[in-house]
Amino acid sequence: MDAQVTLLDQLFDAGLLIDTGVDGLYGRSGLFEDVIARFDALITSFGGQDGAEVVRFPPGMNRAHFERSGYLKSFPQLAGTVHCFCGDDGAHSNLLQCLETGADWSADQQISDVVLTPAACYPLYPMAAKRGALPAQGRLFDLMSYCFRHEPSRDPARMQMFRMREYVRMGTQDEVIAFRKTWLERGRELIGRLDLPFEVDVANDPFFGRAGRMMANSQRDQGLKFELLVPVNSAVNPTACLSFNYHQDHFGSVWGLKTASGEVAHTACVGFGMERVALALFRHHGVDVETWPASVRAALWG
Ligand code: AMP
Ligand code: ZN
């Protein structure tokens, strides 16, 4: 049995995660959710004084916005789209018959206007652009959403549906780079308070295909993405728990988002993998939160 299966089994056995029969799709216990809620509050204790505008989107987004964002160009393998039955009575009979016989019942499913949100910030850029040019000081948002990525795995840290909390900065290049630098420091301090071992490293997104390899290299060479990694399943391949992304003017260009002085806006975001941090805590401090180090309990439960 490999280490990944063992950790997942331990989490099921402890009742922290609940098996649904699909890898990467789990129920969460009350205790698991409490740890996530406390970590959420800890993030706010670091970022709350910045005056970010709080916005919450549902875990599905406008398909037209998703298409325009470029997600399918870079990550077609991860996308999840919502399809719905749009047939008549005859098609319904056919569907029922297929279910009966175990045949493919999806013939009358049609793509809907909704796709599953791949990262909390994707629905935000069109919303912000619709408001017009940024104010003089730019904008700062606080987001959280369940996200979907089609990457089924027995590694409990690689889920198909998970929550991402984000702060997103929109402004000039200098403003968004300063934002990212601040959060690189805060992220270290925050995870340090949880007494978790970590390292921060340059990273790349999993761009698809051969062209994707070049995009990944370029992203690394330019230092556009950093991750804060904590060993969760493996000491050799630590897990990205926080991400610090500088998008340059990608979303500004796509959405026609301008700064107050009329330049194309730059954007950056810091993303917190809520389940990954909870899993790291259980992994390093044990499944019984009563026995966690006092300093960690104080950071979370105050
Ligand atoms: P990314 O947009 O890939 O940088 O993701 C932002 C954050 O979401 C990462 O730093 C992770 O903590 C978390 N995350 C990404 N993919 C997954 C996944 N499959 N399961 C759980 N958390 C994830
Ligand atoms: Zn983001």
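Modeller: Start inside. The largest nonpolar core has 82 residues. A nonpolar core here is a set of buried Ala, Val, Leu, Ile, Met, Phe, Trp, Tyr and Cys residues joined through side-chain atoms within 4.5 Å. Phe39, Leu194 and Phe272 have the most contacts inside this core. Buried means under 20% relative accessible area, exposed means over 50%, and partly exposed is in between, with a 1.4 Å probe and protein chains only.

A word on the numbers. This is a predicted model, in which local features need pLDDT of at least 70 and side-chain atom pairs count only at pLDDT 80 or more, while totals for chains, interfaces and linings use all residues. Residues are numbered from 1 along each chain as its sequence is written, chains are lettered from A and ligands numbered from 1 in the order in which they are written, and side-chain values use heavy atoms, with hydrogens and water left out.

Now look at phenylalanine 272. What is it in contact with, leaving aside neighbours within four places in sequence? Contact means heavy atoms within 4.5 Å. The partners of phenylalanine 272 are Phe39, Ile43, Arg163, Met164, Arg165, Tyr167, Trp183, Leu190, Cys241 and Leu242. Keep Arg163 in mind from that list.

Next, the metal. The zinc ion (ligand 2) is coordinated by Cys121 (SG), Glu166 (OE) and Cys269 (SG), at 2.1 to 2.4 Å. Donors are N, O and S atoms within 2.8 Å of the metal (3.2 Å for Na, K and Ca); water is not among the atoms, so sites may look incomplete. Along the chain, the zinc donors follow the spacing C-x44-E-x102-C. Glutamate 166 sits in strand 8 (residues 161-171) and cysteine 269 in strand 12 (residues 266-273), so this pair ties together parts 103 residues apart in sequence. Helices (H or I, at least four residues) and strands (E, at least two) are DSSP runs, numbered from the N terminus.

In general, side chains of opposite charge can pair when their charged atoms come close. A salt bridge is a side-chain nitrogen of Lys or Arg within 4 Å of a carboxyl oxygen of Asp or Glu. How many salt bridges does this rule give? The count comes to 15.

Take glutamate 275 and arginine 28. Their side chains meet in a salt bridge at 2.9 Å, N to O. This pair links distant parts of the chain: glutamate 275 is in helix 10 (residues 274-285) and arginine 28 in strand 2 (residues 26-28), 247 residues apart. Both residues are buried.

Now return to arginine 163. Its side chain meets that of glutamate 33 in a salt bridge at 2.7 Å, N to O. Arginine 163 is buried, at 9% relative accessible area. Glutamate 33 is partly exposed, at 29%.

Another bridge is local. Lysine 181 pairs with glutamate 185, their closest N and O atoms being 3.7 Å apart. Both lie in helix 7 (residues 173-193), four residues apart, about one turn of the helix. Lysine 181 is exposed, with 53% relative accessible area. Glutamate 185 counts as partly exposed, at 46%. Elsewhere, salt bridges that share partners join Arg28, Glu33, Arg163 and Glu275 into one network.

Stay with helix 7 for a moment. In the loop between helix 7 and strand 9 (199-202) is aspartate 195. Aspartate 195 has a positive phi of about 55° although it is not a glycine. Aspartate 195 is partly exposed, at 41% relative accessibility. Glutamine 248 is not a glycine either, and has a positive phi of about 50°. Glutamine 248 lies in the loop between strand 11 (239-246) and helix 9 (250-255).

Last, serine 295. This residue is in helix 11 (residues 294-301). Serine 295 and arginine 193 are 102 residues apart along the chain, yet their C-alpha atoms are separated by 7.3 Å. Serine 295 is partly exposed, at 46% relative accessible area.
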